[in-house]
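Okay, thanks for coming, everyone.

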Amino acid sequence: MDEIKKGVSRRGVLKGGTALAAGLAAPTFFMRHAFGADFRNNPGDSSSVTFGFNVPQTGAYADEGADELRAYKLAIKHINGEGDGGLLNTMQPLSLKGDGILGKKAAYVTGDTQTKSDAARASAKRMIEKDGVIMYSGGSSSGVAIAQQSLAQEMGIVFMNGLTHSNDTTGKDKRRYGFRHFFNAYMSGAALGPVLEAEMGKERSAYHLTADYTWGWTQEESIKNTTEGLGWQTANAVKTPLGAGDFSQYITPVLNSGADVLILNHYGKDMINSLTQAVQFGLRDKQVNGKDFQIVVPLYSRLMAQGAGENIKGIFGTTNWNWSLQDAGSQAFVKSFGQEYGFPPSQAAHTCYVQTLLYANACQMAGTFYPPEVIKALEGFEFDGMGNGKTLYRAEDHQCFKDVLVVKGNDNPSSQFDLLEVVQEVPRSQVEYDASIFGGELGPYEA
Amino acid sequence: MMSKITPRNDNVMMGLFAVAVLTMPIWLMPIGASYPDLMQKFAIFGIFAIGFNILFGLTGYLSFGHAAFLGVGSYTAVWSFKLLSMNVLPAVVFAVLVAGAFSFLIGFISLRRSGIYFSILTLAFAQMSYNLAYSVLTPITNGETGLQLAKSDPRVVDALFVEAGAGIPSTNFFGIAMSGYGGFYFCAILLIVGFYLSLRITRSPFGMMLKAIKSNQNRMSYTGLNTRPYALTAFVISGMYAGLAGSLLAVTDPLAGAERMQWTASGEVVLMTILGGVGTLIGPVLGAGIIKYFENIFSAFNESILTSIFSFLPDGLQDVVVSVVGLFVGEGWHLTLGLLFMIIVIYLPGGLVEGAQRIRTYATKKREKKSAASHQPQIAE
């Protein structure tokens, strides 16, 4: 063995290696600042701008994600003046001209959030660092949305929230670079309250099953505040893990709790599973305290209703938007979405489509892609003709205020998509609240 | 890797490795992977896999719960950012120490068994940690939402030196920002140091002891030697590597979520190690790189990108090719990874490193044959 024999000394190699490494690394350190861009991913003279669409393509919210992606693609088409123009025909006031944004064509890249904060942020970073996106968007889980929104602030790239319903998104965790068109749990509670009172009376005892993350927590809190305001009791509130699959162990105790209303703070496949099991356990056929047992799903979506099938008949909830609305904006969107894909859009698709258009419109209005100016154009922007009537992007918390729909599972659906019956369009004034009640700080314009 | 184990060859390998890691931004450019976030992930998961290999490859203990230490490292680092300072140095140091202590506890119990029972024990502990982080320990971990920085965090050390700015401050290493390239070089240097340490461990008498445990633990015991302290040390070292990797995840992106501790994350590092080559030095790093590349690049291919790639084909054929290839990219990237993994395990049980060795042996044999052939006439003379 010649192991003892000395070749080059270890110290020599290490020294040489370090020097070499430092030499190689040095140019990259200097190059970093050499490109003199005044803000990150400035499109400059290029003929196109890139948007990033980061949606769940796998996991519990994959159905929503797929529908969101369809809407994004449609929005890009309309911005570039292809197709029938969709909501560009109805939006008021409108700065876009159907020839791209500020003379540049819109392009996009996609990514999979896997409904995990880590994966979502990795995917978003790829879009920002590699693909050079000027804005990114996506949604379906509030936890993921909040994680991406704080990344947006760090990176100085605007994030347009897709479907996220937690109060925290524009409350405790709001950011200057994050915007939300979708409604939130507080608004669900405020809209649902009067309807629940009319349908179920003032003496009820509610049992909550809550998805154990930011959205579930805030929705439980908001709904509890509403129902307790009506005079209802809260029998118990149990947290269930996200993506549990089997909820039987959580539903059995409901039967013996003395509660006569079950409130399911679940969404996506979780809601489909928990509702189906609750119905299978015979909850809805029961009489408790001399009243019919009722189930409430505060946040509804048509995709979930499709998944739950028969079980959703007569169950109350709220949605941001439904394709059956008769205003010009909603009709125009349903028409172009239907022509493209052959079926009506979900509320997730609607909010994502609107968000993309709103961002593009704000750039056109501001006359630049420079984020602080775009943000200022969006703040306090009031518009109409996008469904939901007159809508305001409140400057204090970047939350949109508009009418909220209270819906019920349709007893006699006329088609496989006609699953939700709009019980009431609750006017915007009834769901408004003071921006300061949830705390949080937007942060600076310059990231 | 090297044909003969000599200090000289080790040094050459070390030098080559360092150069390869530090020049990543250049040679990864053609395959579209030279952006900071992905290169940071390469380095971080390289560290994770190197550490895991000390336990699995060297000592022969298959842990299915290593993600727990990764998670503990992340949480510790984020808490250090929240409470002490945005400087990454205390975060990294504390994360390694806490992960070391935590792995000592779990290792002390789990190492009473070996083989499959050990694997199951570690899996159980990791899953327990995951569920604790997810629900019971919500005040510490913020559950599913994940632990994030807030502007109102105390940051006692920073508060002494600098005035708080308007936004949430970002992580730094004495002023060098840890997002982007700064973060990559920080991780890369730690990867090189980690690799060097693992090389020294492998070559040391202690490393020899670990290999002996792997080859026949019973015989070791019959000679009157207590193997458990050695195995436990290996376990703790490997846990500290995982803690370091976890802290670096938080350094480059100050957020910690419970999903980092899930069993799938533990499984991933096993895949990385096997894909690259169990028990080899360079293999785990290679495996980590490949899996992260698939996860980030393959998953982002969508229809429009594929259509432009295959635009040279005639129309009808293009549609067919795009729809078939589409199954394996985008959301189907797991499928591609699964196939690759099967091929490697079936045909190259020693991982990619074995593949490289086979190619080398094949090449040398050919050369020998050639030279043998040219020598033949002389013999005939």
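This is a predicted model: local features need pLDDT of at least 70, side-chain atom pairs count only at pLDDT 80 or more; totals for chains, interfaces and linings use all residues.

Let's start with the interface. How much area do chain B and chain A bury between them? The figure is about 4000 Å², and 55% of it sits on carbon and sulfur atoms. In terms of residues, the contact takes 47 from chain B and 43 from chain A.

What about charged pairs across that interface? The rule finds three salt bridges between chain B and chain A. I'd point you to B:R260 and A:D118, whose side chains meet in a salt bridge at 2.5 Å, N to O. The rule also finds eight residue pairs in polar contact across the interface of chain B and chain A, both residues being at pLDDT 80 or more.

So which parts of chain B are doing the touching? Well, α1, α3, α6, α9 and α14 of chain B each supply at least two residues of the side that touches chain A. Out of everything there, α1(B) gives the most, with five residues. And if you sort that side of chain B by class, you get 19 nonpolar, 17 polar and 11 charged residues.

Within chain B, α9 covers residues 181-203, and α12 covers residues 228-252. Their axes come within 11 Å and cross at roughly 175°. With that angle being over 145, α9(B) is roughly antiparallel to α12(B).

Who meets whom? On the α9(B) side you have, among others, B:F186, B:L190, B:L197 and B:I201, and on the α12(B) side the list includes B:I237, B:Y241, B:L244 and B:L248. Two glycines, B:G183 and B:G194, are also among the α9(B) residues in this contact. By class, the contact of α9(B) with α12(B) divides into 10 nonpolar, four polar and no charged residues.

Over to chain A for the details. Counting over all chains, the rule gives 26 salt bridges. One pair to look at is A:K291 with A:D260, whose side chains meet at 3.8 Å, N to O. This one links distant parts of the chain: A:K291 is in strand β10, A:D260 is in the loop between α7 and β8, and the two are 31 residues apart.

Where's the cis peptide bond? It joins A:Q92 and A:P93, with omega at about -15°. You'll find A:P93 in the loop between α2 and β2 of chain A.

Then there are two asparagines. A:N41 has a positive phi of about 60° although it isn't a glycine, and its place is in the loop between α1 and β1 of chain A. A:N388 has a positive phi too, about 65°, and again it's not a glycine. That residue is in the loop between β13 and β14 of chain A.

Definitions and conventions: Residues are numbered from 1 along each chain as its sequence is written. Chains are lettered from A and ligands numbered from 1 in the order in which they are written. Side-chain values use heavy atoms; hydrogens and water are left out. Axes are lines fitted to C-alpha atoms, for helices over the stretch in contact, and angles run from 0 to 180 degrees between N-to-C directions. Helices (H or I, at least four residues) and strands (E, at least two) are DSSP runs, numbered from the N terminus. Angles under 35 degrees count as roughly parallel, over 145 as roughly antiparallel, 65 to 115 as roughly perpendicular and the rest as oblique. Contact means heavy atoms within 4.5 Å. Ala, Val, Leu, Ile, Met, Phe, Trp, Tyr, Cys and Pro count as nonpolar, Asp, Glu, Lys and Arg as charged, and the others, Gly among them, as polar. Buried area is the accessible area (1.4 Å probe) that two parts lose on being put together, summed over both. A salt bridge is a side-chain nitrogen of Lys or Arg within 4 Å of a carboxyl oxygen of Asp or Glu. A polar contact is a pair of N or O atoms within 3.5 Å; within protein, one must be able to donate a hydrogen and the other to accept it, and residues adjacent in sequence count only if both atoms are side-chain atoms.
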